[in-house]
Amino acid sequence: MDKKQKSPDYIFESSWEVCNKVGGIYTVLSTRAKTLQEMLQDRIVFIGPDFWKEAESPYFQEDKSLFAEWQWEAKEQGVNIRVGRWTVPGNPIAVLVDFHPYFERKNEIYGWLWENFQVDSLHAYGDYDEASMFSYAAALVVESFYHHYLDESKKVIYHANEWMCGLGALYLNKKLPQVATIFTTHATSIGRSIAGNQKPLYDYLFAYNGDQMAGELNMQSKHSIEKQTAHHVDCFTTVSDITARECVELLDKPVDVVLPNGFDNSFVPKAAAFTRKRNLARRKMLDVANALLGEKLDDDTLIVSTSGRYEFRNKGIDVFIEAMNRLLRNRDLKKKVLAFIVVPGWVGEPRQDLKDRLDSKQQFDTPLEVPQVTHWLHNMGHDNVLNMMKFYDMHNRHEDNVKVIFLPCYLDGKDGILNLTYYDVVLGNDLCIYPSYYEPWGYTPLEAVAFKVPCITTDLAGFGLWANKTFGHAGEIEDGVKVVHRTDYNYSEVADIIKDTVAHYSALTPKQIESCRKNAEALSKKALWSEFIKYYNVAYDIALQRAEQRMAEKND
């Protein structure tokens, strides 16, 4: 750390995803925790929502002796908390807070927010109230802790993630002005909404008015809290250069610093264990495919996949299917391709007929009915993936060299068919494909390369842009990451490039493949938290300087 940089004595970081595994932000915070814990030794405190109450949480270990005196005092003040450790590398302190008691004061809190910061909560619906009450409760946790243990001699930071935690940052700005505030938007709510509503985001970004679009897309309240937080905190940040452009145009506020998402690779298996796990994953994926399709696909099959949240257009699932459909008629393809779409859908139950075949350990030469899906869905007739495959007449016929299988569940090792965790499945792939249209950062390609799996992504993903910058040119598959240029309108071209890249990869020699895999792993090492934490140190410095300035002006 730079000698002149101010560094915090305490950091409180709040997010809806602390000890609550929902999406990418969980990965950001849980993998960064170890690095911060090493820096601050128990002076980093994560604050999350308490959903578990008395139940056992898989992500949280309660410890009643931690800050015991304050725990008692907070309860006296009506702040219902549980203190313990987040069960991730580094085992940082976590405080889970029950936010439900604040619902009865909701209107009073929103009134205060309007009077002080002109945040419009009138149009709230969906998760807005829940997130806001949690955010308010998280701020009360910090206020209570501060008054119990800390004073102005300590440099304290409050770091709020996403619009869901904006209210708390604004509250502390007003009530504890000596605390420096940082706000990170991991994706602007309005940008995600424009993209998700099939509107062209990038070509027209300069022309969109965030407030106007919020009205049109019924996003006024989320947009309002996000925008006002961005304008009022001491340091406003986001995760990539591409989202930084969105912030300028849609929130009318340039970011102070970009904080790229790093990675902790301590759970990537080493040497012999790596090979053993990879072989096991491949065998299981091929077994499931053979049982479902009535095929005899062997280990020479090229296994590819896409994964992530079920955002059909934003994550590029549509382009993935398009590319696989075109690959069916590609003469340059040198191997059979088994393509998995690993995206949690509205899953019903694992297919009994498929389980029976897998249990029998026999070989079958006829496919099961609907040989495109491993689990029954509640909405078979209205599922985007199945409908697009049906539209293209992709029925995984015996003569097809490309077979596409939808694995529509969250891979926790207990799905009933594959029974592998997500990381174990990634490990078994030859190539991962993430043709995102809207992707502020993109953990999926970073995770793939950490497991030595080369991948294809786009330059509309923060990770793709970062990879290009790191390479000094547009990434090619030989670099470990192929970065496809994607715009609002070149969908067909992107599908063609993916098709050609997979065909090209299928013709590489074992030596060339080994080189691609080595380069993928080498790139992932440049994205470790040990490399990226320096950007956070800059953010901490900016926030502390501004808070100090504010207090000096106040005391003059």
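In this predicted model, strand β10 (residues 302-307), helix α11 (residues 317-327) and strand β11 (residues 337-342) form a right-handed β-α-β unit. The pairing of β10 with β11 is parallel and runs over six bridges. On the β11 side, Leu338 lies opposite Ile303. Strand β10 also pairs in the parallel sense with strand β15 (residues 431-433), over two bridges. There, Val304 has Leu431 as its bridge partner.

| Partner strand | Sense | Bridges | Residue pair |
|---|---|---|---|
| β11 (residues 337-342) | parallel | six | Ile303 and Leu338 |
| β15 (residues 431-433) | parallel | two | Val304 and Leu431 |

Six of the six residues of β10 are buried, that is, under 20% relative accessible area, and the strand is therefore largely enclosed by the rest of the structure. Leu302, Val304 and Thr306 point to one side of β10, while Ile303, Ser305 and Ser307 point the other way; all are buried.

The largest nonpolar core comprises 82 residues, and the members touching the most others are Trp86, Phe340, Trp441, Leu446, Phe463 and Trp466. Helix α19 (residues 529-555) makes the greatest contribution to this core, 10 residues. A second, separate core contains 58 residues, among them Ala139, Ala169, Cys247 and Leu251. In soluble globular proteins, nonpolar side chains tend to be buried together.

Trp441 illustrates the surroundings of one core member. Beyond its neighbours within four places in sequence, Trp441 is in contact with Val239, Ser240, Pro260, Asn261, Leu446, Ala461, Gly462, Phe463, Trp466 and Phe532. Of these contacts, Leu446, Phe463 and Trp466 are also listed with Trp441 among the core residues that touch the most other members.

Notes. Residues numbered from 1 in each chain as written. Predicted model: local features only at pLDDT ≥ 70, side-chain atom pairs only at ≥ 80, totals over all residues. Heavy atoms only, no water. Core = buried A, V, L, I, M, F, W, Y, C linked by side-chain atoms within 4.5 Å. Buried < 20%, exposed > 50% of the residue type's maximum accessible area, 1.4 Å probe, protein only. Helix = DSSP H or I, 4+ residues; strand = E, 2+ residues; numbered from the N terminus. Contact = heavy atoms within 4.5 Å. Pairing = 2+ DSSP bridges. Right-handed = clockwise from strand over helix to strand, strands pointing away.
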